[in-house]
Amino acid sequence: MTGARLEDATEDGIRRTFEVNALAPYWLTRAVLPGMRARDRGAVVTVASAAGLVGVARQTDYSATKHAAVGFAESLAAELRKDGSRVTSLAVCPFYIDTGMFAGVRSRVPWLLPVLDPHHVAQEVLDAVEAGRTRLLLPRAVGLIAPLRALPAPVFDRTMDVLGVNATMDGFTGRRSRLFAGRETAR
């Protein structure tokens, strides 16, 4: 992700974000799905984001690709279910995870929307796969996004602002990729 405002993001940065977050799940899943279908078991886990459920300032590239990832996982789940397959598809939609990728982000309400521990997220994903779930929202407060969407758009937008969602990236520094050293792209 670039972590930049749209007009400050580079074309290469935007393209890379789309290649990694939106296109790679298709190519990887197409490579492994035939074997999973032949065995009639397994789970495709798509790590999307809470940003795949709501747009976030300074994430026009990232949020768009994570919306695509959510749609991909949901559509794949529908295809598998329609075909009677026992292969499952899980969309994981976490708030920020403390991996370094989002270094500098801050939550205005950490008791409600904490930056997540990666080990906790991994355990939750394993539990969700074992339970056959199709969606995992972390923390639970991320589940409020859907019902809040029933509000008029200006009220929903104001709620996201009050919760500080659109200020989370204000201190973002991100982890700089060695592949793109010296460039404005953060991974």
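Me: Does Thr29 count as buried or exposed, and at what relative accessibility?
Reply: This is a predicted model, and the values discussed here are computed from it. Thr29 has its place in helix α1, and, leaving aside its neighbours within four places in sequence, Thr29 is in contact with Pro34, Val44, Phe72 and Leu76. Buried means under 20% relative accessible area. Thr29 therefore counts as buried, at a relative accessibility of 8%.

Me: Which elements do the buried residues of α2 pack against?
Reply: The buried residues of α2 include Phe72 and Leu76, and both of these are also in contact with Thr29. Among the other buried residues of α2 are Asp61, Tyr62, Lys66 and Val70. The elements against which the buried residues of α2 pack are α1 (11–39), β1 (43–47), β2 and β3 (135–138).

Me: How far apart are the end C-alpha atoms of α2, and what span should its 23 residues have?
Reply: The expected span of a helix is 1.5 Å times one less than its number of residues, so the 23 residues of α2 should span 33 Å. The end C-alpha atoms agree with this expectation, being separated by 33 Å.

Me: Which residues are the closest to the centre of the largest pocket?
Reply: The largest pocket has a volume of about 500 Å³, and 33 residues line this pocket. By class, the lining comprises 28 nonpolar, 4 polar and 1 charged residues. The closest to the centre of the pocket are Ser49, Ala50, Pro94, Phe95 and Tyr96.

Me: Which element gives the most to the lining of the largest pocket?
Reply: At least two residues of the lining come from each of α2 (60–82), β2 (88–94), α3 (118–131) and α4 (145–148). With 4 residues, the element that gives the most is α3.

Me: Why is the pair of Tyr96 and Phe102 edge-to-face?
Reply: The structure holds 6 aromatic pairs. The rings of Tyr96 and Phe102 have centres 4.9 Å apart, and their planes stand at 65 degrees. Because planes over 60 degrees apart count as edge-to-face, that is the class of this pair, with both Tyr96 and Phe102 buried. The deciding value is the angle of 65 degrees.

Me: How many residues apart are Phe102 and Phe172, whose pair links distant parts of the chain?
Reply: The ring centres of Phe102 and Phe172 lie 6.2 Å apart with their planes at 55 degrees, so the pair is tilted, and both residues are buried. Phe102 is in the loop between β2 and α3, whereas Phe172 is in the segment after α5 (153–162). Together with Tyr62, Phe95 and Tyr96, these two residues form one aromatic cluster.

Me: What is the relative accessible area of Trp111, and is Trp111 buried or exposed?
Reply: Trp111 is found in the loop between β2 and α3, and its C-alpha atom is separated by 9.9 Å from that of Ala141, 30 residues apart along the chain. Exposed means over 50% relative accessible area. Trp111 is therefore exposed, with a value of 73%.

Me: Which peptide bond is cis, with omega near -10 degrees?
Reply: Most residues other than glycine have a negative phi, and most peptide bonds are trans. Pro139, found in the loop between β3 and α4, is one partner in the cis bond, which runs from Leu138 to Pro139.

Methods: Residues are numbered from 1 along each chain as its sequence is written. This is a predicted model: local features need pLDDT of at least 70, side-chain atom pairs count only at pLDDT 80 or more; totals for chains, interfaces and linings use all residues. Side-chain values use heavy atoms; hydrogens and water are left out. On a 1 Å grid over the protein atoms alone, a cavity is a set of points where a 1.4 Å probe fits but cannot get out, and a pocket is an open set with protein on both sides within 12 Å along at least five of seven lines; lining residues have an atom within 4 Å of a point. Grid points are joined across faces, edges and corners, and a volume is the space filled by probe spheres set on the points. Ala, Val, Leu, Ile, Met, Phe, Trp, Tyr, Cys and Pro count as nonpolar, Asp, Glu, Lys and Arg as charged, and the others, Gly among them, as polar. Buried means under 20% relative accessible area, exposed over 50%, partly exposed in between (1.4 Å probe, protein chains only). Contact means heavy atoms within 4.5 Å. Rings of Phe, Tyr and Trp (its six-membered ring) pair if their centres lie within 6.5 Å; planes under 30 degrees apart count as stacked, over 60 as edge-to-face and the rest as tilted.
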